[in-house]
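Reader: I would like to go through a structure feature by feature. Please give the general idea each time, then the case at hand.

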Amino acid sequence: MIRDLELNPLIPYVRSDLPGRFNELDVLRRHWGRFAAVSQGAVVPPYEVLIHPSSGCNLRCAWCIGDHVPLELWDEDREQLVMLDAAKGASDRLPDHLTDPANMLKLIGDIVDYRVKAPYRQKGEDRSGVFKVEAVSFSGLIGEPLVARKALIPAFGLLAERGIRYGIFTNAVLMDEACIEALLPAGYVHISIDAGTPETYAQLKYGGRPAGKAMFERALANLARLVQRRTETGSDVEINTSFVMYPENFHEVHSAAALIRAAGADSLRLKQDNSGQRPLGPDQARHAAQLIGRIRAELETDSFRLFEIHRVGQTGEMARSCSTCSITDLMAAVGSDGCLYPCNYHPRPGGFSYGSALEQPFAAVWEGELRRQLRGRLPVICPKVCDPFKNRSNRLLAEAKSVVAADGIDRLEEHVTDLVDGGAYTVEG
């Protein structure tokens, strides 16, 4: 075993301050067999499928990532060949086929039934295992998943029945009692709050319209109600929240954290504008750092934690720096049209799709020739911006593949084991 962690080449690519499933190293720890099987050339089910149930939304967040990830392709003479827009204001958007309960259940049924037996190497031995999808996440690029709540509630029930971990990223404004009950068996619910006052919420998340103030109060009330039902039922669902720090709202991060903690949430995740278009200025970053320090000193406890997904003032880590995408072999994405895409930032009209999982079985699309062909064109055909977790994971996986090429997969596993055993990050769940 490698005793000197300073000699471990993976160290620079692991965020020690992010625990459990938030951490990129968890991909290799939790899903080692799957990574090893893929490294040997196998095509196995992804460990997680991210689904966009709808391309419609009830809010208009200023930083909506779908408004900032156009796909631009250029020829050798720097002539633009194509520009595919995913913005809310675009002339076209993906159809909402997954708002139909029958279509959603067809997709979920295919996902939970998908299994592949494949060889892999672990602990110096050649092994064989059956791989299946372990988790399903519902979110959106421009859409709010609860727009499709009539389709989601039976989907949640099927996932719970089959023992598949599921979760949702939502603004919680549309979360009614039926949704809350259906989410109690979930692994997590992630609620975007993004403001400490109704006025700022309305300004940044509803175009300044007065109705946005009531939506802020509704989101917090629904958060509190979900927490209440968790307590009453003994549910284990994790209830997380997030705050995107923008020049117009960063000064409210402490007051937002106080409201979120009072409502009973488990955590607050801080981000900056992932597109890089509206970063905090130097003075704003210093002020934000002071407020974050106050949250840690005054509000953070064992039951309420703060995570900096984007570390304030460090915008360099947000840029995509990998020439290959490896996480795409381990995580799948489905747009509201029911088609599979390379990742959750890809779904858009005219985008690069692997094919429809409504017209074919999910497994057939995932294992299909079109996916194999497009897989080799990533990230050239990708938007300029990456999902934060996937961005960090790709950096780590690129280094992991370099280790495998130089020293073999057994050596890589030793590096991973030493990092985990050495406390490189907090292992959870």
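This is a predicted model: local features need pLDDT of at least 70, side-chain atom pairs count only at pLDDT 80 or more; totals for chains, interfaces and linings use all residues.

Reader: Which residues touch the most other members of the largest nonpolar core?

Author: A nonpolar core is a set of buried Ala, Val, Leu, Ile, Met, Phe, Trp, Tyr and Cys residues joined through side-chain atoms within 4.5 Å. Buried means under 20% relative accessible area, exposed over 50%, and partly exposed in between (1.4 Å probe, protein chains only). The largest core here has 120 residues, and Ile51, Ile108, Phe138 and Phe362 touch the most other members. Helix α7 (residues 211–233) gives the largest share of this core, 7 residues. Helices (H or I, at least four residues) and strands (E, at least two) are DSSP runs, numbered from the N terminus. Another core, of 9 residues, lies apart from it and includes Cys64, Ala86, Ile142 and Val385.

Reader: What does Ile51 touch?

Author: Contact means heavy atoms within 4.5 Å. Not counting residues up to four places away in sequence, the residues touched by Ile51 include Leu98, Ile108, Phe138 and Val334.

Reader: How many aromatic pairs are there?

Author: A pair of aromatic rings is described by the distance of the centres and the angle of the planes. Rings of Phe, Tyr and Trp (its six-membered ring) pair if their centres lie within 6.5 Å; planes under 30 degrees apart count as stacked, over 60 as edge-to-face and the rest as tilted. By this rule there are 9 aromatic pairs. One of them, Phe22 with Phe307, is tilted, at 5.0 Å centre to centre and 55° between the planes. This pair links distant parts of the chain, 285 residues apart: Phe22 is in the segment before α1 (25–30) and Phe307 in strand β11 (residues 305–308). Both Phe22 and Phe307 are buried. Phe156 and Tyr166 form a stacked pair, with 5.1 Å between centres and 15° between the planes. Phe156 belongs to helix α4 (residues 149–161) and Tyr166 to strand β7 (residues 165–170), so the pair ties together parts that are 10 residues apart in sequence. Phe138, Phe156 and Tyr166 form one aromatic cluster.

Reader: Where does Arg209 lie?

Author: A charge sits over a ring if NZ of Lys or CZ of Arg is within 6 Å of the ring centre and within 35 degrees of the ring normal. Arg209 lies over the face of Tyr206, at 4.2 Å from the ring centre. Arg278 is over the face of Tyr246, at 4.9 Å from the ring centre.

Reader: Is helix α6 mostly covered or mostly uncovered, and what covers its buried residues?

Author: Helix α6 (residues 198–205) is mostly covered, with 6 of its 8 residues buried. What covers those buried residues includes β8 (188–192) and α7. Just after α6, Gly207 takes a positive phi of about 60°.

Reader: How many disulfides are there?

Author: A disulfide is a covalent bond between the sulfur atoms of two cysteines. The cut-off is a pair of cysteine sulfur atoms within 2.5 Å, and by this rule the count is 0. The cysteine sulfur closest to that of Cys325 is in Cys382, at 6.0 Å, too far for a bond. Cys325 is buried, with a relative accessible area of 11%.

Definitions and conventions
Residues are numbered from 1 along each chain as its sequence is written. Side-chain values use heavy atoms; hydrogens and water are left out.
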